[in-house]
Structure formats: structure tokens, C-alpha cells
Amino acid sequence: MHLVFASRNADKIAELRDALRGLPLEVSSANDHPEIPDVEETGATLEENALLKARAAHQATGRLCLADDTGLEIEALGGEPGVHSARYAGPAQEYARNVAKVLAAMETIPEEHRGARFRTAVALVYPDGREDVVWGECRGRIATAPRGAGGFGYDPIFEVPELGRTFAELTLAQKQAISHRGRAMARVRRALERSLAGT
């Protein structure tokens, strides 16, 4: 079976590949398929955006396609940046600028009100057109300053209270075990295992 990740984000693709390691799948990404168009994420929800991307990739390739959309929802900011997380500081999707904008908005927020959660919707579109959407969530808090050199996006400021560390301070294996995307992809893996087994 051939699976296409409907993404050109190298950091995200690396996490997706790792989550499905060991499955009998040939995996490629939108970077390998110039026929897959760039999709404007016009959905009002994470699920809508994930489906938009997965459907476009499926229409272009006819293969099993997977896309995700992730949002960081901060309680003190009324759930922002949410569905706009990737472009919070502008259309260029620059990690550092997004992080800086969140930290500036949270500058006066006390420790007890810095709660946040990451949510990921992962959409699968099968070769026969069937669709499936699974979710993953991880609750944490916004740190007062970036910490750690790993991960990407908002990882340096998303702290897991039970560990006292940000996502960027974890190994990939540690992050995959508890993160929003890791949890969603564990569900995807189980779905694909059933599909590969013909059940």
C-alpha cells in the first residue's frame, strides 16, 4: 500500500513517518508529487482543513492520502491561535514569529492562568474514496520563555506540567508518546493495521 502525506512541512513529515515506522507501507509526501496542489486552508475547523488537504491529494494521486491540521488553543487568549496557529504571526508560517507573538500576548498572564492544549485532526482518504478523521489532544501550559532545541513550531513554549519540560526538551520518542499528533497517529496506525490485514 502506498500512503501519501499531504504536507510539504519537513518537520511534520518526519513525525508522521516515525509514527508509522514498521508498517508495510510505501510512504511519500506532497514534496514527491508535484501534481498535488497547494491547498488554501479555508476551513473553519481543524477537521475541515485536514479533509481539504487529504481530499486534494487523493484527487491528484488516487492513492491513500493523509493530512493533518493542528491548533494550539490557549485558555487566556480565548482559544487562540486555534485554527490559525500556523499563520498566527503572518502568512509566512515562521515558527519564531508565531512563538514571539504568543509570548507577547501572554506576558502579563500569571502562572495559574497559562493553561493550553494542542489538538490535531488527522484525515485519511482511502483509494476508494472512504474518509476517516481521528483526533489527538495534549493538555499543558505556556512557558514564560522558549526552552529546548528539539521539535518545531510552538514546541519550545508548550510545557507538559507532569514532566516539567517543554515538547522541545523531549526526545522524539518521548514526544510521540504523549503529544497530540502522536496520539492521533497511534489511532491512524491501528486503522491502517486493520486495513492492511483486510479486516
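**Overall size and selected residues of a predicted model**

Me: Which radius of gyration does the protein chain have, against that of a compact globule with 199 residues?
Reply: This is a predicted model. For 199 residues, a compact globule would have a radius of gyration near 16 Å.

Me: What box do the C-alpha atoms of the protein chain fill?
Reply: The box is taken along the principal axes. Along these axes, the C-alpha atoms fill roughly 50 × 30 × 25 Å.

Me: In what order do the elements of the protein chain run from the N terminus on?
Reply: The protein chain has five helices and eight strands. Read from the N terminus, their order is β-α-β-α-β-β-α-β-β-β-β-α-α.

Me: Is L77 buried or partly exposed?
Reply: L77 lies in the loop between strand 3 (64-74) and strand 4 (81-82). Buried residues have under 20% relative accessible area. Because L77 has a relative accessible area of 21%, its class is partly exposed.

Me: What separates the C-alpha atoms of L77 and A19?
Reply: Along the chain, L77 and A19 are 58 residues apart.

Me: What percentage of the 199 residues in the protein chain is buried?
Reply: A residue counts as buried under 20% relative accessible area. In the protein chain of 199 residues, the buried share is 48%.

Terms used. Residues are numbered from 1 along each chain as its sequence is written. This is a predicted model: local features need pLDDT of at least 70, side-chain atom pairs count only at pLDDT 80 or more; totals for chains, interfaces and linings use all residues. Side-chain values use heavy atoms; hydrogens and water are left out. Helices (H or I, at least four residues) and strands (E, at least two) are DSSP runs, numbered from the N terminus. The radius of gyration is taken over C-alpha atoms; the globule rule is 2.2 Å times the number of residues to the power 0.38. Buried means under 20% relative accessible area, exposed over 50%, partly exposed in between (1.4 Å probe, protein chains only).
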